[in-house]
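Dear colleague,

I am handing over the structure below, followed by notes on what was found in it. Please read the notes with the coordinates open beside you.

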Amino acid sequence: MSDEDITLTAGDAEVTVRPGNGGRVSGLRVGGLELLRQGDRFGCFPMVPWCGRTRDGRFRDGASVHQLPLNAPPHAIHGTARDAAWRTARKSADEAVLTYDLVAPWPYPGRVTQQFTLGEDALTLTMAVETYESSFPAQIGWHPWFNRTLGGPDDARDVRLDFTAAWQEERGDDHLPTGNRTDPRPGPWDDCFGMPDGVDVTLTWPGRLELRVTSREEWVVVYDEQREAVCVEPQTGPPNGLNTHPRLVTPLEPLEATTTWTWRRL
């Protein structure tokens with residue numbers, strides 16, 4: 001199938017998926033309200049085969065050390081798949097499945113599959129990385145850019161973030177976790193939090209909409225330092241996780257993760 005944009009609909013919800021622009025969700029509209037920041041770099045993109053920053057773009061796999069391009073110097077950030085064209089495997093009115101084959105500069109062959117399933121009050125995103133050759137460490141996650149307001153440039157009612165984390169990863173001057181954990185601190189944030197019972201973050205646009213981001217994974221990065229949008233990023237490990245908390249993809253065991261966004265009107 002082609003890499004043309006895909007539109008999913010269910011009730012008054014509409015999702016646009018762009019296979020040709022990093023396999024991202026470029027729009028989520030509920031009752032005509034656009035929840036995601038618009039633009040080729042925004043929406044919600046997949047982070048794969050790593051999430052956040054990898055220190056100096058280097059990671060070790062056994063005795064081998066691999067160098068990744070420094071696309072956020074001095075680090076490598078957010079994987080390679082967000083800059084690639086994905087292939088549409090199948091689509092229907094309310095579901096789409098995309099695939100992407102890992103290629104250089106990632107040093108291992110593998111395939112990534114994304115599934116998008118839209119309901120009248122929820123969007124579920126599922127991602128899996130599999131290999132039929134060498135095993136390798138990897139991470140997967142999602143990077144949504146939620147609009148800070150839903151009422152246009154004159155709406156001063158910022159979205160509110162509510163969550164309870166077990167810990168916050170201490171962040172060094174290089175924006176990477178130091179390895180220490182602290183009690184959660186007030187924002188603004190560009191920080192990773194631990195939720196052992198699963199990610200659970202609620203975004204509330206006063207008088208408009210409440211949206212809950214959940215995942216079985218225990219890691220989430222929250223970023224709210226920009227004026228236009230806030231990010232809530234469920235992922236399978238913390239930043240620099242290829243080095244500190246790698247998840248192994250093997251021919252017998254793919255790496256899989258799911259996140260669900262559920263909304264209700266206020």
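**Pocket and salt bridges**

By class, the lining of the largest pocket is made up of 11 nonpolar, 6 polar and 11 charged residues, where Ala, Val, Leu, Ile, Met, Phe, Trp, Tyr, Cys and Pro count as nonpolar, Asp, Glu, Lys and Arg as charged, and the others, Gly among them, as polar. This is a predicted model, in which local features need pLDDT of at least 70 and side-chain atom pairs count only at pLDDT 80 or more, while totals for chains, interfaces and linings use all residues. Residues are numbered from 1 along each chain as its sequence is written, and side-chain values use heavy atoms, with hydrogens and water left out.

The largest pocket has a volume of about 440 Å³. A pocket here is an open set of points on a 1 Å grid over the protein atoms alone, where a 1.4 Å probe fits, with protein on both sides within 12 Å along at least five of seven lines, and lining residues have an atom within 4 Å of a point; points are joined across faces, edges and corners, and the volume is the space filled by probe spheres set on them. Of the 28 residues that line this pocket, Arg53, Ile77, His78, His143 and Asp190 are the closest to its centre. Among the elements that give two or more residues to the lining are strand E15 (141–147) and strand E19 (190–194), strands being DSSP runs (E, at least two residues) numbered from the N terminus.

The structure also holds 18 salt bridges, each defined as a side-chain nitrogen of Lys or Arg within 4 Å of a carboxyl oxygen of Asp or Glu. In one of them, Glu14 pairs with Arg29, with the closest N and O atoms 2.8 Å apart; this pair links strand E2 (residues 13–18) to strand E3 (residues 24–30), across 15 residues. Glu14 is partly exposed at 30% relative accessible area, whereas Arg29, at 19%, counts as buried (buried is under 20%, exposed over 50%, partly exposed in between, with a 1.4 Å probe and protein chains only).

Arg18 forms a salt bridge with Asp40, at 3.0 Å between the closest N and O atoms. Because Arg18 lies in strand E2 and Asp40 in the loop between strands E4 (33–34) and E5, the pair ties together parts that are 22 residues apart in sequence. Arg18 is partly exposed at 24%, and Asp40 is exposed at 53%. Asp5, Arg18 and Asp40 are linked in a network of salt bridges.

With best regards

Note on methods. Helices (H or I, at least four residues) and strands (E, at least two) are DSSP runs, numbered from the N terminus.
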